[in-house]
Each structure stands twice: as structure tokens, then as C-alpha cells.
Amino acid sequence: MSKITEKFGSVTVVLGSQWGDEGKGKLVDILSSEYDLIARATGGANAGHTIYIGDKKFVFHLIPSGMMNEGKICVIGNGVVVHIPTLLEEIDVLEKSGISTAGRLFISDRAHLVMDYHKIVDEIQEESRGDKKVGTTKRGIGPAYMDKVKRCGIRMHVLGNQEIFENKVKENAKALKEIYGSKFKYNIDEELASYREYAKRIRPLLIDTSLYLNRALKSGKTILIEGANGMMLDVDHGTYPYVTSSNATVGGAIAGAGIGALKLKSAIGIMKAYVTRVGAGPFPTELKNELGDQIREKGGEYGATTGRPRRCGWFDAVVGKYSCQINGYSNINLTKLDVLTGLPTLKIATSYKFNGELLKSFPASLEVLENVEITYEEMPGWTEDLSNIKSFDALPENAKKYVARIEELIGCKIAFIGVGVDREQMIQNF
């Protein structure tokens with residue numbers, strides 16, 4: 001057993017702990033070298049996990065980030081909604097880069113399909129909201145999950161019978177046409193023709209992934225579960241309705257992978273050393289000024305999936321503590337500490353007040369959240385370059401104090417600290 005698996009156990013999950021884009025892909029890529037199987041459990045192609053290897057940049061939307069480690073098995077679980085053209089495009093990009101997915105990638109036969117009509121509905125619904133847009137990526141994720149809950153979704157195993165598949169698509173398209181009328185511009189013949197070809201490539205990858213993962217675990221294999229999106233975008237616990245359509249929490253990861261909850265040994269939450277958010281929705285510590293722009297440019301804060309500029313703000317310990325409460329993290333990976341280098345003063349949000357009253361936790365009401373008074377704690381910054389630092393003790397004194405204070409406020413051990421985009425730029429602090 002390696003140092004990593006000895007520390008975090010045979011089954012661990014990596015989860016985004018703020019509003020997404022925290023850097024999950026990098027840690028999954030690093031940890032994957034020590035685990036046998038890597039399983040993606042939730043979300044769809046609205047998630048973007050970025051990995052840098054040398055001068056090459058890889059962005060994954062559906063394939064688990066562990067694919068970059070030779071010989072590792074990657075699984076797309078039942079909780080994921082899969083847009084097959086995006087998946088095949090990712091496979092082709094990897095193959096062209098000399099990374100083979102043959103015999104290394106499996107998809108749950110219970111995962112749901114994202115069809116083109118889902119993307120059309122996504123756009124119609126978002127445009128209809130006017131100035132109250134949710135900020136969806138328009139990738140069809142929400143409508144796909146809607147169909148799943150409405151029990152008219154199409155699962156991957158249906159691709160095994162072309163007639164049944166095409167009948168289901170026609171039924172769904174007819175129902176949507178009746179709802180949206182002339183706005184629903186869907187070329188059903190074109191998509192069905194495409195899927196006749198897609199099915200040939202996808203069918204060999206379909207298995208009962210829950211059975212596969214549980215058998216692997218029973219035989220002594222280790223499993224790393226990769227979450228998608230961020231905890232504050234969770235459909236139950238996030239800033240609803242400005243959220244994603246699935247559970248981005250540890251509970252969602254367990255259900256979406258099909259592994260018993262009691263088999264999970266640890267959960268690692270990913271938090272940036274500051275906070276970002278893409279799209280609409282409340283963001284208490286947002287910096288709507290030149291400093292926010294400076295952090296965005298230095299941190300490369302543009303969406304991996306959409307390219308949209310991310311909103312940037314100070315680290316929010318109220319969010320951090322709430323995220324720890326919901327997910328019970330065993331450890332935290334604090335990312336992008338290097339981005340804060342050069343700022344003379346740093347701020348951490350330590351509490352919220354509403355109408356003069358201290359809030360006990362993160363509020364459910366957006367009306368409350370949008371009007372909270374934030375208590376900030378100021379700390380001195382540092383000017384030293386962090387990019388080549390390999391240990392916590394070697395960090396500048398003020399950087400160490402900043403990390404230690406965040407750890408204290410959220411109540412969870414920070415085991416990893418990111419100081420750059422490359423694999424090697426990760427301090428192990430355990």
C-alpha cells in the first residue's frame with residue numbers, strides 16, 4: 001500500500017467544495033497514480049476538469065481525469081448524464097495524443113443520455129428567464145436530469161436495441177414539440193442517423209459499473225471517485241435555484257458510483273485560496289473591482305467548459321465550514337495559493353450577519369444571502385515566489401499563517417496545497 005492509499009484508504013472521493021472550478025482534475029490526476037480505478041459519479045459535460053502535463057493542456061468534460069495515468073481503469077458511473085458526441089471527441093483527442101482508452105474506459109449501462117433536444121430545451125428555458133437567468137452552460141444537463149426524474153429519460157443500455165432507442169427519441173421529441181411549438185427546432189432524422197454510428201463505438205464500453213466497482217473492491221483494488229461541479233452548486237444544499245441539476249456532494253458521489261456509503265474511507269474537498277463563481281447567483285465575497293480583475297487574469301479564471309470569465313472574491317470561511325459540515329471531509333486540498341502572491345493584504349470572510357444578527361450557518365434564503373453583512377479578517381500577504389516550493393515548512397511565514405488560519409476557521413486539515421498548474425506543483429502536507 002502506498003503512502004497515499006494508506007492515508008486516504010481504499011475508497012476515497014474528491015469533491016469541489018465551493019462553486020466549482022476549484023481544481024479537482026489536478027488532484028484526481030495526481031492521486032490516480034496510486035489508485036487502480038477512477039470513477040466519475042455525477043454531472044455531465046457542463047463540468048470541465050483541466051490537467052497540465054508539461055506544455056500540454058487537457059480538458060476533460062466526461063472522461064475521468066485519471067485517464068492520463070497509464071494503465072488506470074476509468075469508469076463513468078450511473079449518476080452521470082452522457083453527451084456521446086462530446087465523449088467521442090474526448091476519446092479521439094486522447095488517441096491523437098498517444099493516450100489509448102482501449103480496455104481502460106467503461107460506461108454504466110444505467111447512465112442517462114444527453115440528446116440534442118436537451119440542449120435545445122436548455123437554451124429555450126434559459127432565454128425565457130429574461131434577467132433571472134440561472135447561468136446554465138446550455139449543454140442540456142438540466143433537461144436531461146429533468147427527463148430522468150420524469151421517467152422518460154433514455155439510458156445507455158437502450159442503445160443495444162436501435163428500434164426501441166429511436167422510438168423513445170421520437171416520443172420525447174413529439175412531447176417537446178407540443179410544449180415549445182415553433183421554438184423547438186430539432187432535426188430528429190439527423191440525430192438518429194448520427195446515433196446509428198455512435199452506438200457501434202459505445203456499445204462495447206457499456207457494463208454494470210456498480211457490479212464492476214464492487215467486485216474490484218472485493219478483490220483488493222482501490223477506487224478513487226471523482227466528483228463534478230461544486231458543493232455550492234448542489235441542487236439541495238447550494239444557492240438554489242442558481243445551482244446544477246444533480247447532487248455535487250458526497251451523497252451524490254456514492255449514489256452516482258453505485259458503491260455502498262460505508263465503503264467510503266475518506267473524502268477530500270477542493271477549495272481555492274480565494275473563491276470564484278461562473279454565471280449568475282449570489283456571491284457574498286465577490287470583488288467587483290480592479291483587484292477582482294487582477295486575480296482573474298493571474299489565476300486564469302475562465303471557464304474550462306464555456307470560456308466565460310469567472311467572478312472572483314476573497315476566501316469565504318462560512319462557505320468552507322458549511323461545505324465541511326455537509327460532506328464530512330477528512331482533508332482539504334487548498335489550490336492556487338500562488339495566485340495571491342504579491343497582494344499586500346488578504347481578507348477572509350469569517351461570519352455573516354443579517355439585520356444585525358449573527359447567522360449560525362449558510363442561509364437557505366437568497367434574499368438573506370444577498371443582504372448579509374460580512375465580517376472580514378485581514379492578514380498580511382507575501383511577495384515570495386511559491387512555484388518551486390515542495391513543503392509546507394518552506395512556504396513564506398505569512399503564507400503558512402494564511403493556510404493555518406483557513407484550516408482553523410473551516411475545521412478541517414489541509415493536506416494538499418497547490419502552488420502552480422503542473423502536477424509537480426502540489427505540496428503534500430501530511
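Analyst: Happy to! Let's begin with Lys3, which lies over the face of Phe430, 5.0 Å from the ring centre. Please keep in mind that this is a predicted model.

User: What makes Lys3 count as sitting over the ring of Phe430?

Analyst: The distance part of the rule asks for NZ of Lys within 6 Å of the ring centre, and Lys3 is at 5.0 Å from that of Phe430. Lys347 is another case: its charged end sits over the ring of Tyr376, 5.5 Å from the centre. Phe430 also belongs to an aromatic cluster, together with Phe8 and Phe416.

User: Why is the pair Tyr117 and Tyr186 called edge-to-face?

Analyst: Rings pair if their centres lie within 6.5 Å, and planes over 60 degrees apart count as edge-to-face. For Tyr117 and Tyr186 the centres are 5.5 Å apart and the planes stand at 85 degrees, so the pair is edge-to-face. By this rule there are twelve aromatic pairs.

User: Why is that pair said to tie together parts that are 69 residues apart in sequence?

Analyst: Tyr117 lies in helix α4 (residues 116–128), while Tyr186 is in the loop between α6 (162–180) and α7 (188–202), so their pairing links parts 69 residues apart in sequence. Both Tyr117 and Tyr186 are buried.

User: And why are Tyr195 and Tyr198 edge-to-face?

Analyst: Their ring centres are 5.0 Å apart and their planes at 75 degrees, so this pair is edge-to-face too, given the 60 degree cut-off. Here both residues lie in helix α7, three residues apart, about one turn of the helix.

User: How do you know whether Tyr195 and Ser17 are buried or exposed?

Analyst: Buried means under 20% relative accessible area. Tyr195 has 1% relative accessibility, so Tyr195 counts as buried. Ser17 has 0%, so Ser17 is buried as well. Ser17 lies in the loop between β1 (11–16) and α2 (24–32). Beyond residues up to four places away in sequence, Ser17 touches several others, including Glu22, Met231, Gly269 and Tyr329.

User: Which residues have the most contacts inside the largest nonpolar core?

Analyst: They are Ile225, Phe315, Tyr329, Leu334, Leu337, Phe362 and Tyr402, in a core of 75 residues. Helix α13 (residues 397–410) gives the largest share of this core, six residues. Leaving aside neighbours within four places in sequence, Phe362 is in contact with Trp19, Met232 and Leu369, among others. Apart from this core lies another, of 57 residues, among them Ile4, Phe184, Leu206 and Ile268.

Note on methods
Residues are numbered from 1 along each chain as its sequence is written. This is a predicted model: local features need pLDDT of at least 70, side-chain atom pairs count only at pLDDT 80 or more; totals for chains, interfaces and linings use all residues. Side-chain values use heavy atoms; hydrogens and water are left out. Rings of Phe, Tyr and Trp (its six-membered ring) pair if their centres lie within 6.5 Å; planes under 30 degrees apart count as stacked, over 60 as edge-to-face and the rest as tilted. Helices (H or I, at least four residues) and strands (E, at least two) are DSSP runs, numbered from the N terminus. Buried means under 20% relative accessible area, exposed over 50%, partly exposed in between (1.4 Å probe, protein chains only). A charge sits over a ring if NZ of Lys or CZ of Arg is within 6 Å of the ring centre and within 35 degrees of the ring normal. Contact means heavy atoms within 4.5 Å. A nonpolar core is a set of buried Ala, Val, Leu, Ile, Met, Phe, Trp, Tyr and Cys residues joined through side-chain atoms within 4.5 Å.
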